[in-house]
Amino acid sequence: MGLYERLSGASAPAATPPSEADGGEAAPAPSAAPEPDAMAERLAQLRRRTHQALVRALGPRLYDTSTSQAQLEQAVRDKLTEVLAGESMPMSAADRAQLTAAIVDDILGYGPLEPLLDDESVTEVMCNGHRQVYIERSGRLELTDITFLDEGHLRRVIEKIVGEVGRRIDEAQPYVDARLPDGSRVNAVIPPVTIDGPTLTIRKFSAEAFTGADLVSYGTWTNAASEFLAAAVQGRTNILVSGGTGAGKTTTLNVLSNFIPTTERIVTIEDAAELRLGQPHVVRMEYRPPNIEGRGEIAIRDLVRNALRMRPDRIVVGEVRGGEALDMLQAMNTGHDGSISTVHANSPRDAIARLETMVLMAGVDLPVRAIREQIAAGIQFIVHQSRMKDGSRRITHVTEVTGMEGDTIMLQDIFLYDEGMGFDPESGRALGHLKATGIRPTITDHLGDQGIGVDVSWFQPEDFARRGRR
Ligand SMILES: Nc1ncnc2c1ncn2[C@@H]1O[C@H](COP(=O)(O)OP(=O)(O)OP(=O)(O)O)[C@@H](O)[C@H]1O
Ligand SMILES: [Mg+2]
């Protein structure tokens, strides 16, 4: 077992980064090479001691933005050599190199999380206290062998991430959202709010944004649905992407937003900037949380209102979750059409119900019927997405809002996921796909009038194994 594993307390080498110094580690069976716990503990103590000595010695320089990364790394290495020279513990050159790498990762990077952050196949990292680190890979959760030295070690990594974006986390403000320099989204919560130690959740930013074709290859949607929605976006329809947590709403919103013609001025408003648009003319705005005294919050709603004065051709809102729903609907109904957003909901019908509730949150005394009329006139399509039990993300409904009958908002499904096709008994993979129901959207003629081509074959019905309509 190599030093890195001993230090991080890992039992299997699989989840640790490959290291040349570890070349022969697979050979000795654990019983053949007695590896007393005492040795591992001494190394762990050495790493803790060295880390603390370095933090003390370098102090504020570690967060000083005027020092370049290369200068900082050199300063850390120099100081480290000095500190290690004063240590009496015998170490081979390979062990010393590994210890240095681990400490440099701790100080300059994100400690034991570095290999996970470098691994592109890992999409999410979840630390539940210092002893348990889960990852998501290909949509599935996996427990890793990675651990932190102790609670303080995880806490330092959290403080580093949070400190880098000028935020802080302490007993008074025990949870915080932050972002890594590469754009990955981070949430950290510490005791007393979390009971079993600090908790860190990182949603990694994929190196490349997904395209419509990627979503076809993942089985998320089909060519027909993709082409139809591209036409709908070009034709300035208002679209709401709905789904549960982690269903892939933001990813789909990003793909849809990239269908907006490059000639238009786009204003994006997000809780934490995640969207990546390829168009040249984009203004990005982000929610600002209140400061430590609870003042200075700039809500999504304020930003939506402000966006209307920025001569937008399109407004893309990362997620509607409150009173901004009213401002968005009003904008959609007064000429700012072609807007796209997401909402947390369990079905298209539920998305409508949530919108109603959110409009009520705006604190304006509107009768329910008036709210429904605004919704029916404002939203043309709901694209609903789910995370299947095999981890894949699938669009399950492309639903058109066709108007009102009495007090009810009318919906019709244009594409539906065929749930009846079930799962492969061996691999567990979802076998269904998105199928046209055969209904031609009422928007078709409107798109045709604008010179946007609509191919009737997109709506050619396919047989359903079992109707999964809701
Ligand atoms: N179509 C897809 N196929 C496979 N993986 C996807 C797909 N869409 C998103 N993902 C992955 O799922 C994770 C969550 O995606 P995303 O942030 O888009 O979800 P969300 O619904 O917006 O989540 P939240 O509710 O937290 O805002 C990401 O790691 C992303 O890489
Ligand atoms: Mg999202």
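Residues count from 1 along each chain as its sequence is written, with chains lettered from A and ligands numbered from 1 in the order in which they are written. Since the model is predicted, local features need pLDDT of at least 70 and side-chain atom pairs count only at pLDDT 80 or more, while totals for chains, interfaces and linings use all residues.

**Exercise 1.** Find out which residues surround ligand 1 and which elements they come from.

- Step one: take residues whose C-beta atom, placed from the backbone, lies within 6 Å of the ligand. You get 16, with Thr-123, Gly-248, Lys-249, Thr-250 and Thr-251 the closest.
- Step two: look up the elements, which are DSSP runs numbered from the N terminus (helices are H or I, at least four residues; strands are E, at least two). Strand E1 (122-128) and helix H9 (249-257) each give two or more residues, and H9 gives the most, with three.
- Step three: sort by domain, with bounds from an automatic or database domain assignment. Domain 2 (111-207) and domain 3 (212-459) each supply at least three residues.

**Exercise 2.** Work out how covered H9 is, and what its buried residues pack against.

- Step one: apply the burial test, where 20 or more other C-beta atoms within 10 Å means buried, 12 or fewer means exposed, and anything in between is partly exposed (C-beta atoms placed from the backbone). In H9, nine of nine residues pass as buried.
- Step two: list the partners, using contacts (C-beta atoms, placed from the backbone, within 7 Å). They include helix H7 (212-217), H8 and strand E7 (239-243).

**Exercise 3.** Locate the centre of contacts in the largest nonpolar core.

- Of its 60 residues, Ala-225 and Ile-239 touch the most other members.
- Step two: trace the source. Helix H8 (residues 223-234) gives the largest share, seven residues.
- Step three: check Ile-239. Beyond four places in sequence, its contacts include Ala-232, Leu-256 and Phe-381.

Methods. Core = buried A, V, L, I, M, F, W, Y, C linked by C-beta atoms within 7 Å. Contact = placed C-beta atoms within 7 Å.
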